[in-house]
Amino acid sequence: MKTLVIGKIWPEPVSSAAGTRTMNLLLALQEAGWETTFATTAQASEYSVDVEGMGISSCRIAVNDSSFDGWVSDLGPDLVIFDRYMIEEQFGWRVEKACPAALRVLDTSDLHCLREARGVQLKQGGELNLYNEVALREVASIHRCDLTFMISEFEMGVLQEVFQIPERQLAYLPFMIDLLDAPLRGYEEREHFVMIGSYMHEPNWDAVRWCCESIWPAIRAALPEAELHVYGSYEPPKARQLNNSKKGIVISGRAENAIETVGQYRVNLAPLRFGAGQKGKLADGFVAGTPGVATPVAAESMNGDIDWGCAIESESEAFARVAVEVYSDSDVWTKVQRQGTLIAKERFSAMKWKKAFVERLDLLAKDAAVNRHRNFVGRMLRHHQHRSTEFMSRWIEAKNRIG
């Protein structure tokens, strides 16, 4: 199929897991031999992938601009993939108008309303409120699309159980990981702790701050020679203020190659207190052979039924104890490293999931007419997308007032 992928930004796999996700989808489509175009409203940065150099067409498009309508009509895609719900909001209705037969597919990266709810709960306490403003927009976007790819099994459960999304409208598509052919560094070849993640992602900044303030002091007390090296793209000035040589905290800026960087360290810390989706920092650790110590939010939907190899803790003191144990005990360290490799092989095989992705899209194309007929909620949302009756009433009222 001729495919159009509309992204929020140009793919930056060196900056975030979301960038890696976009590249995974583009590569899967390219390897399947599908004619693919990538489009975005954003400007490319020095870290953006040259998709044209990969043989994928690209185009800079404008938001809230009817020029897109003629452009997409001339392109004539059979399939359009939106890489976040807000992209579907901006362009989904235009695609439907210009190319009504084109399949419309959403890739959520993570469930934004879940991440939002967890962030509010962390700051304000109380019950987890999934029925937030983000959910109103995100769930509506899911209904409007022919299919939504979810990166997390847990989030698929939330959508089905809490928001009553039919199973046929969802498909599981996790990270696509290729393990390294080279042997991994052993326990004695590594030292120090590492954290990594884009600062543009709020849960990452919270994790860095919480670790430096509440977790690292306990680790440092048990391991006085150990250091914490923190890497992150788009580093804000407030992160630099955490740099403290006396406390063993080194704020190191962007990692040019995440896997090579993480692979130098003995333990990979992922003390996330809120968030959603699968965690690229832990996936990088699996590939690099760097054991990860994680909170339940960080490990969510990563290991499935496979044992992590060490305890998964949410409280700072318990988290620190696990980190010290993995760092200090070579047997425990080796077990966690081995389990990470097993998780990557069993759950994230790139070959398996690239094939599954393309096959699911093929199946969607074959059943498009039936699926669209059955998706009555989606049809209803598209029909009333602009609240036509309300705005028509307001227009008539304004016209009568002027008259």
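This is a short tour of a predicted model, moving from its sheet to one residue and then to a pair of helices. Residues are numbered from 1 along each chain as its sequence is written. Local features need pLDDT of at least 70, side-chain atom pairs count only at pLDDT 80 or more, totals for chains, interfaces and linings use all residues, and side-chain values use heavy atoms, with hydrogens and water left out.

**Stop 1: the sheet**

Start by colouring the strands. You'll find an open sheet of seven, in the order β3-β2-β1-β4-β5-β6-β7, with parallel pairing. Strands here are DSSP runs of E, at least two residues, and helices are runs of H or I, at least four, numbered from the N terminus. Two strands pair if DSSP finds at least two bridges between them.

Now select 57-60 and 170-172. These are β3 and β7, the edge strands; each has a single partner strand, so one side of each lacks a neighbour in the sheet. From one strand to the next, the twist averages 20°.

Click F38, and then its bridge partner in β3, S58.

**Stop 2: helices on the sheet**

Show 85-98 next. This is helix α3, which packs on the sheet and touches β1 (3-7), β4 (79-82) and β5 (103-107). The direction of α3 makes about 155° with that of β4. Angles run from 0 to 180 degrees between N-to-C directions, using axes fitted to C-alpha atoms, for helices over the stretch in contact.

Then try 350-366, helix α14, lying across β4, β5, β6 (147-150) and β7. Helix α14 runs at about 165° to β6.

**Stop 3: T36**

Go back to β2 and pick T36. Is T36 buried or exposed? T36 is buried, with a relative accessible area of 5% (buried means under 20%, exposed over 50%, partly exposed in between, with a 1.4 Å probe and protein chains only). Beyond its neighbours within four places in sequence, T36 contacts T3, V5, L26, L29, I56 and S57, where contact means heavy atoms within 4.5 Å.

**Stop 4: two crossing helices**

Finish with 202-222 (α7) and 316-328 (α12), whose axes come within 9 Å and cross at roughly 45°. That makes α7 oblique to α12 (under 35 degrees is roughly parallel, over 145 roughly antiparallel, 65 to 115 roughly perpendicular, the rest oblique).

Show side chains: W210, S214, I215, A218, I219 and A222 in α7 meet S316, F319, A320, A323 and V324 in α12.
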